[in-house]
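I opened my notebook to record what I could look up in this structure, going from the whole chain down to single residues.

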Amino acid sequence: MVQALILTGFGINCEEEFAAAYRLAGAEATIVHLNQVLLGHVSIHDYDILNFPGGFSFGDDLGSGVVLANKLRYRQTPSGRTLLDDIKEFIANGKFVMGICNGFQVLVKLGLLPNLSGNVTPEVTLTHNASGRYEDRWVRLKVNPNAHTPFLKGIDTMEVPVRHGEGRLVISGADTLAHIQDKALNCLTYIGYDDSPTDVYPHNPNGADLNCAGLTDPTGQVFGLMPHPEAFLSLYNHPDWARRKRLNRGISEEGDGLKLFRNIVEHVQGQRAEAVPQEASQFSS
Ligand SMILES: NC(=O)CC[C@H](N)C(=O)O
């Protein structure tokens with residue numbers, strides 16, 4: 001079975017929803033306190049997908065995600081390495097990392113997203129919403145058709161909730177902006193009712209540059225987004241479900257967010273299926 005490791009602790013609070021998403025998508029999801037990993041009791045290398053959920057890690061002190069990112073970068077594990085060293089190796093081994101909301105903030109503050117340079121240094125930031133307040137609302141997203149990540153395969157648009165105070169992506173520097181666009185790392189965009197990208201509030205709930213709701217790294221293995229796909233797994237999560245069902249009796253009972261988890265689980269299953277014949281042929285030769 002595909003193994004998803006979901007980190008929790010220190011104010012993270014969306015780990016159960018994250019796990020539910022993976023379970024519905026057919027993976028085995030294990031929720032582990034970050035300390036278990038930092039103390040060397042759990043190894044990320046035993047898993048296929050490493051996940052950073054939403055929440056308020058360290059109370060958003062110093063800026064959302066900053067303290068957790070620093071813990072990953074600087075705190076030594078018993079092996080004498082940092083967890084970031086392990087995460088880099090994990091990615092180099094072809095595995096996947098996903099961050100939602102506070103988890104996305106962690107990946108950005110750490111420099112794993114967008115990671116244009118490959119040096120894992122922060123290149124963009126996520127900061128206070130342009131509205132100056134916490135935003136808790138449903139938004140519509142469009143997938144960048146040139147985005148190169150298995151997480152978003154076959155998805156065009158989706159509707160998902162946001163709930164954040166610091167979701168505004170700021171990209172300073174024309175070069176960084178151009179590189180992100182050239183490589184289509186701005187994989188998710190807030191859209192209006194007409195399906196076109198918009199900076200108009202509240203369709204764009206935070207004033208993000210490029211109207212960007214999510215990023216990938218150049219490998220497509222690291223993916224993060226501000227909205228919460230794990231909060232729309234069933235039609236009944238949507239505030240308008242009753243009307244939708246009345247108007248369309250045949251409507252799918254799956255929420256838009258589930259596809260994203262199915263995508264990555266199926267991708268890992270596909271990789272395994274490809275790897276097996278090779279291994280088998282090694283043994284036979
Ligand atoms: N839902 C979340 O993960 C919130 C992230 C962060 N605490 C913020 O308010 O921006």
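The entries below follow the order in which I looked things up.

**Ground rules.** I noted that this is a predicted model, in which local features need pLDDT of at least 70 and side-chain atom pairs count only at pLDDT 80 or more, while totals for chains, interfaces and linings use all residues. I also noted that residues are numbered from 1 along each chain as its sequence is written.

**Overall build.** I found eight helices and 11 strands in the protein, where helices (H or I, at least four residues) and strands (E, at least two) are DSSP runs numbered from the N terminus. The radius of gyration is 19 Å, close to the 19 Å that the globule rule gives for 285 residues, so the protein is as compact as a globular protein of that length; the radius is taken over C-alpha atoms, and the rule is 2.2 Å times the number of residues to the power 0.38. I read the span of the C-alpha trace along its principal axes as about 55 × 45 × 35 Å.

I traced an open sheet of nine strands in the order 2-1-3-4-11-10-9-6-7, with mixed pairing; two strands pair if DSSP finds at least two bridges between them. Strand 2 (28–33) and strand 7 (157–164) stand at the edges with a single partner strand each, so one side of each has no neighbour in the sheet. As a reminder to myself, strands of a sheet pair through backbone hydrogen bonds, either parallel or antiparallel. Looking at one pair, I saw that strand 4 (residues 96–100) and strand 11 (residues 222–225) run in the parallel sense over four bridges, and that Met98 stands opposite Phe223 in strand 11.

**Around the ligand.** Which residues lie around the ligand? I listed Gly54, Gly55, Phe56, Asp60, Ser64, Cys101, Asn102, Arg163, His164, Gly165, Glu166 and Gly167, taking a residue as near if its C-beta atom, placed from the backbone, lies within 6 Å of the molecule. By class, this shell has two nonpolar, seven polar and three charged residues; Ala, Val, Leu, Ile, Met, Phe, Trp, Tyr, Cys and Pro count as nonpolar, Asp, Glu, Lys and Arg as charged, and the others, Gly among them, as polar.
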